[in-house]
Amino acid sequence: MKQRSLSVSCLALVLTLACVAPYGYVLFQSFFRDGGLTLWGYFQVFLNETQYLARFWTSLGLTSLIALAQLLVSLLAGFGFAKCNFPGKKAIFFVLMILMILPLQVTLVPNYLMLDQLGLLDTYYALVLPAIFVPLGTFIMTRSFQSVPKEVVEAARLDGCTTLGVIFRITAPMSKSGLVCTLLLSFLDAWNMVEQPMVYLKDFSMYPISVGLAAMPPTEVVVQMVCCILVALPPLFLFAFFNRELVEGIALGGEKG
């Protein structure tokens, strides 16, 4: 038994090192230039060439807006599917689950045509609006709200609480894991977007850092490494503080309703 436990621990250690090694390499390379230790890359990114930080803050603002708006939509839609009765609810929810498995590339062309008709191409609206209505958040919040006892909702309604009051004052606080999971997954999805900016935007200066990083000159290796660290910081920060809620929310979403 002890030998088996040791083997599992060794395997976990090897897998952990394999996952951490690329980050360690990037961090190590960010301090080396022309064979010596230097902070030149950090000076370039944070003080000298401000376009990198400007692109970072623009990406952070867009991503935060998308995540918050998607959370709001998921809250309202999830409550409707979990606690309200209306014709065709099961059929609509089934279609929603089908849409979850469609790859992003399938929706790029329809979204492009719609944004073109609305005159929103080459604007940040083209990145924000399609990203708000993503079925995964609604699915997670539906499962999360289904775990709230219906007696709690009925008691709140008897006390005169409105539907919005029930959502934001009763069910949402009782579904913290689902909320955090939806917020984190939508943030990470928006933070890593690549295809959407390349399709919907023509102005390179508007590209988020996820695309701008790949378009950097190959000669600026040190600057690339520093920007890689900069890009990795928000996801690492969020996961470090909310990993328990993320795991609980994913587990809840996988439970049968």
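**Entry 1: T63**

I started with the contacts of T63. Setting aside neighbours within four places in sequence, T63 is in contact with F187, A190 and W191; contact means heavy atoms within 4.5 Å. I was working on a predicted model, where local features need pLDDT of at least 70, side-chain atom pairs count only at pLDDT 80 or more, and totals for chains, interfaces and linings use all residues. Residues are numbered from 1 along each chain as its sequence is written, and side-chain values use heavy atoms, with hydrogens and water left out.

I then placed T63 in helix α3, residues 51-83. Helices here are DSSP runs (H or I, at least four residues), numbered from the N terminus.

Is T63 buried or exposed? I found T63 buried, because its relative accessibility is 4%. The cut-offs are under 20% relative accessible area for buried, over 50% for exposed, and partly exposed in between (1.4 Å probe, protein chains only).

I also looked at the polar side of T63. A polar atom of its side chain lies 2.7 Å from the backbone oxygen of S59.

**Entry 2: Annotated spans**

I checked the UniProt record next. The unreviewed entry lists residues 56-79, 91-112, 124-142, 177-194 and 221-242 as "transmembrane region". UniProt positions are in the numbering used here, feature names are shortened, and annotations may be inferred rather than shown by experiment.

I took two of these spans further. Residues 56-79 are 100% helix and 0% strand, with end C-alpha atoms 34 Å apart. Residues 221-242 are also 100% helix and 0% strand, and their end C-alpha atoms are 32 Å apart.

**Entry 3: Cores**

Which residues touch the most other members of the largest nonpolar core? I got V45 and C227, out of 25 residues. Such a core is a set of buried Ala, Val, Leu, Ile, Met, Phe, Trp, Tyr and Cys residues joined through side-chain atoms within 4.5 Å. Two or more residues each come from α2 (40-48), α3, α10 (176-191) and α13 (221-254). α13 gives the most, with nine residues.

Beyond neighbours within four places in sequence, C227 is in contact with V45, Y52, L213 and M216. Another core, of 18 residues, lies apart; A126, A131, Y200 and V211 are among them.

Methods: Polar contact = N/O pair within 3.5 Å; in protein donor to acceptor, adjacent residues only side chain to side chain.
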